[in-house]
Amino acid sequence: MPVLRALFLLSLMGLAACGGRERDITLHDLRTNSREPEEFSIVPSKPLATPESFAELPGPTPGRANRADQTPLSDAVAALGGNPARLRADGVPASDGALIQRAGRFGVDGNIREDLAAADLEFRKTRSRFTFSIVPEDDYYRIYRRQAIDPYRQLLRFRRLGVQTPSAPPEE
């Protein structure tokens, strides 16, 4: 009888542990265990500058970038002699028209991003069921390991088929 009672209590505790809170399905654990500030999350802003005319300033828009925000990618493109305006996503540039036309020749699913996001969320929910650990760790690469492509394995496969392949750096 005491064994039956202990087994009942143990199963009741196990059942209670299964519910009651939403599972954390984030796979990257980027938290630090120190109480000190994260030095890489501190981003200095650009120095404030007075515009030529205050009438040129756009009105404040929530979610829009500030004029004093850092733009490291645009700054790097400008420093290398490129045009930072080409980084803005204002639609498809005319130079990519033939590529877009060729890629969409069999039709385009307008909801592909939403469909993939929903499928990935379901995959992460399924794969995160048994990821509990006492020490937090990054589960991203372990969870997606079966979906990763091994480039050297594919290189050997194509070489065996007789496809001309470029040289590749040696495996580490």
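The model is a predicted one, in which local features need pLDDT of at least 70 and side-chain atom pairs count only at pLDDT 80 or more, whereas totals for chains, interfaces and linings use all residues. Residues are numbered from 1 along each chain as its sequence is written, and side-chain values use heavy atoms, with hydrogens and water left out.

The side chains of D120 and R124 meet in a salt bridge at 3.2 Å, N to O, the term denoting a side-chain nitrogen of Lys or Arg within 4 Å of a carboxyl oxygen of Asp or Glu. A search of the whole structure finds 1 salt bridge. D120 counts as partly exposed, at 30% relative accessibility, where buried means under 20% relative accessible area, exposed over 50%, and partly exposed in between (1.4 Å probe, protein chains only). Of the 172 residues of the protein, 6% count as buried.

The secondary structure comprises 6 helices and 0 strands, with helices (H or I, at least four residues) and strands (E, at least two) taken as DSSP runs numbered from the N terminus. In the loop between helix 2 (72-79) and helix 3 (97-103) lies L87, which is partly exposed at 40% relative accessibility. L87 and L73 are 14 residues apart in sequence and 8.5 Å apart in space, C-alpha to C-alpha.

F158, located in helix 6 (residues 151-160), is partly exposed with a relative accessible area of 35%. Together, F158, L161 and V163 make a nonpolar surface patch of about 270 Å². Patches are made of residues with over 30% relative accessible area and no salt bridge, like charges being joined within 9 Å and nonpolar side chains (Val, Leu, Ile, Met, Phe, Trp, Tyr) within 5 Å; the accessible areas come from the Shrake-Rupley method with a 1.4 Å probe, and for residues only the protein chains shown count as cover.
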